[in-house]
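Hi,

Here is the model I promised to pass on.

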Amino acid sequence: MGSKMQTGLLLIIGIIVSLVGWMAIYPGSDGSDTTAAINAADLMADPILAKFGMLMGFGGMGAIFLGFLNISRKMAAANGAGADYANISAIMALILVAMMAIGIGLEWAVTEASDAAEGTRLMVHSFALQTPFSFVGGLLMALLGIGIILEKNYHIIIGGLAVVAGILFIISLVDAIDIVSFFGWIGMMLVALGLGVQTLRSKS
């Protein structure tokens, strides 16, 4: 499998797997109106379903960020107009991959907690990842988008959408309104889909 196909499949399959995991299988919720205690109780109530959901959710997101990492590294290595931005976005993507590993570790531990209090404590730590995720994810999207716009190696609309998604993620930190973060997520997924499709269709 060539790197081009690998990157495209990571992005496209990652979207599908993560969406199915989070929206159809994962029993918990990460909305602002959901407490750590409620989320922990949901996961502990059905640990098998929760584990399948988080494997797909965190795993799919990890695949997406690996796809972004591959694209960023290729742009940085090419030393084009967007190389400086892509270099930093690659670091952000790598951080997010590590965060997905930490997230699944924490929530997996919740499903095996001995009591509700222990599960809640672990879920508090998992919830704490949301703030750095939004910040690092926002930087990743914005910097990658700027790099794409400058380098013109992908469609400029994809680059613009990435910048908007990144800004929305960062705004959500201050605003704390779910709808802002939701549109940031939608933007990220559309960027991943666009990059995945264009990567697979590209000739070089």
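**What I found**

Leaving out residues up to four places away in sequence, Ser18 touches Met56, Gly57, Gly60, Met61, Ile64 and Met189, where contact means heavy atoms within 4.5 Å. Ser18 sits in helix 1 (residues 3-25); helices here are DSSP runs of H or I with at least four residues, numbered from the N terminus. Ser18 has 0% relative accessibility and so counts as buried. For that label, buried is under 20% relative accessible area, exposed is over 50% and partly exposed is in between, with a 1.4 Å probe and protein chains only.

Before you go further: this is a predicted model, in which local features need pLDDT of at least 70 and side-chain atom pairs count only at pLDDT 80 or more, while totals for chains, interfaces and linings use all residues. Residues are numbered from 1 along each chain as its sequence is written, and side-chain values use heavy atoms, with hydrogens and water left out.

**Another buried serine**

Ser89 is in helix 4, and at 0% relative accessibility Ser89 also counts as buried. Setting aside neighbours within four places in sequence, Ser89 contacts Ser72, Leu140, Leu143 and Leu144.

**The core and its rings**

Which residues have the most contacts inside the largest nonpolar core? They are Phe65, Phe68 and Leu195, in a core of 46 residues. A nonpolar core is a set of buried Ala, Val, Leu, Ile, Met, Phe, Trp, Tyr and Cys residues joined through side-chain atoms within 4.5 Å. At least two residues of this core come from each of helix 1, helix 2, helix 3, helix 4, helix 5, helix 6, helix 7 (156-175) and helix 8 (178-201).

Now the aromatics. Rings of Phe, Tyr and Trp (its six-membered ring) pair if their centres lie within 6.5 Å; planes under 30 degrees apart are stacked, over 60 edge-to-face, and the rest tilted. That rule gives 8 aromatic pairs. In one of them, the ring centres of Phe65 and Phe68 are 6.5 Å apart and the planes are at 45°, so this pair is tilted. Both residues lie in helix 3 (residues 47-78), 3 residues apart, or about one turn of the helix. Apart from neighbours within four places in sequence, Phe65 is in contact with Ala93, Leu96, Val97, Met100, Phe133, Leu140 and Met188.

Helix 5 (residues 116-128) has 13 residues and spans 18 Å from first C-alpha to last, close to the 18 Å expected at 1.5 Å a residue (the expected span is 1.5 Å times one less than the number of residues). Its buried residues include Gly119, Leu122, Met123, Ser126 and Phe127. These cover an arc of only 145° around the axis, which puts them on the same side of helix 5; the arc is that of the directions from the helix axis to the C-beta atoms. They pack against helix 2 (36-45), helix 4 (83-111) and helix 6 (130-151). Where helix 5 starts, a side-chain oxygen of Asp115 comes to within 3.2 Å of the backbone nitrogen of Ala117.

In helix 2, the buried residues are Ala36, Asn39, Ala40 and Leu43. Looking down the axis of helix 2, they fall within an arc of 100°, so they line one face of the helix. The packing partners of these buried residues are helix 3, helix 4 and helix 5.

**Loops, and the end of my list**

Most residues other than glycine have a negative phi, and most peptide bonds are trans. Asn79, which is not a glycine, has a positive phi near 55°. Asn79 is in the loop between helix 3 and helix 4 and is exposed, with a relative accessible area of 63%. Lys152 has a positive phi of about 60° although it is not a glycine. Lys152 is found in the loop between helix 6 and helix 7, and is exposed at a relative accessible area of 64%.

Lastly, Ile149 is in helix 6 and counts as partly exposed, at 30% relative accessibility. Neighbours within four places in sequence aside, Ile149 contacts Ile156, Gly159, Gly160 and Val163.

Cheers

Technical notes. A polar contact is a pair of N or O atoms within 3.5 Å; within protein, one must be able to donate a hydrogen and the other to accept it, and residues adjacent in sequence count only if both atoms are side-chain atoms.
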